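Q: I would like to go through this model step by step. Could you take my questions as they come?

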Amino acid sequence: DIPRAEFLAVLDACPPLRLDLCRLFVLRTARLESRLADLVFKGAEARLCTVLLRLAIERGRPGPAGAFDVPLPVSARELGRLAGLGRQTASTLFTGLVREGLVERHLWGLRLRELTALRSRAEQ
């Protein structure tokens, strides 16, 4: 732990660090507010699609034929946790997205094939 007085002294001595920390707090607050709004106002499939799109934005890269690759192997349980869903619900919904050809699961991670369709479902 950093003593409060020392932490404040460092912030006073380094305005760029203070600004960076403020930006970080604003970003995290915005993310938390967005996630809370998703949990309150969106259905289960919309929340799962929102999580998949967020992973694509934060960790993804363009893949073949307009797809987006997320090189992060995640389980249904992890996707469910991120979307505020139980493992079984997340698994069932994810399997449906795979069957419809919107998402592919690979050993290296996920391939999002139909971003437009996922965005549409995320907004429902």
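Predicted model: local features only at pLDDT ≥ 70, side-chain atom pairs only at ≥ 80, totals over all residues.

Q: Which helix holds Leu 8?
A: Leu 8 belongs to helix H1, which covers residues 4–13.

Q: And which residues make the nonpolar surface patch?
A: Leu 8 forms the patch together with Ile 2 and Phe 7. The patch has an area of about 280 Å².

Q: Changing topic: what is the strand order in the open sheet?
A: The four strands follow the order E1-E2-E4-E3, and their pairing is antiparallel.

Q: Which strands stand at the edges?
A: Strand E1 (61–62) and strand E3 (103–106) do. Each has a single partner strand, so one side of each lacks a neighbour in the sheet.

Q: How many bridges join E1 to E2?
A: Two bridges join these antiparallel strands. In one of the pairs, Pro 62 has Phe 68 of E2 as its bridge partner.

Q: Staying with E2, where is Asp 69, and is it buried or exposed?
A: Asp 69 lies in strand E2, residues 68–70. Its relative accessibility is 7%, so Asp 69 counts as buried, the cut-off being under 20%.

Q: With which side chain does the Asp 69 side chain make a polar contact?
A: The partner is the side chain of Arg 111, at 2.6 Å.

Q: What else does Asp 69 touch?
A: Leaving aside residues up to four places away in sequence, Asp 69 touches several residues, including Arg 59, Gly 60, Trp 108 and Leu 110.

How values were computed. Residues numbered from 1 in each chain as written. Heavy atoms only, no water. Buried < 20%, exposed > 50% of the residue type's maximum accessible area, 1.4 Å probe, protein only. Polar contact = N/O pair within 3.5 Å; in protein donor to acceptor, adjacent residues only side chain to side chain. Contact = heavy atoms within 4.5 Å. Patch = residues over 30% accessible without salt bridge, like charges linked within 9 Å, V, L, I, M, F, W, Y side chains within 5 Å. Areas by Shrake-Rupley, 256 points an atom, 1.4 Å probe, with all protein chains shown as cover. Salt bridge = Lys/Arg side-chain N within 4 Å of Asp/Glu carboxyl O. Pairing = 2+ DSSP bridges.
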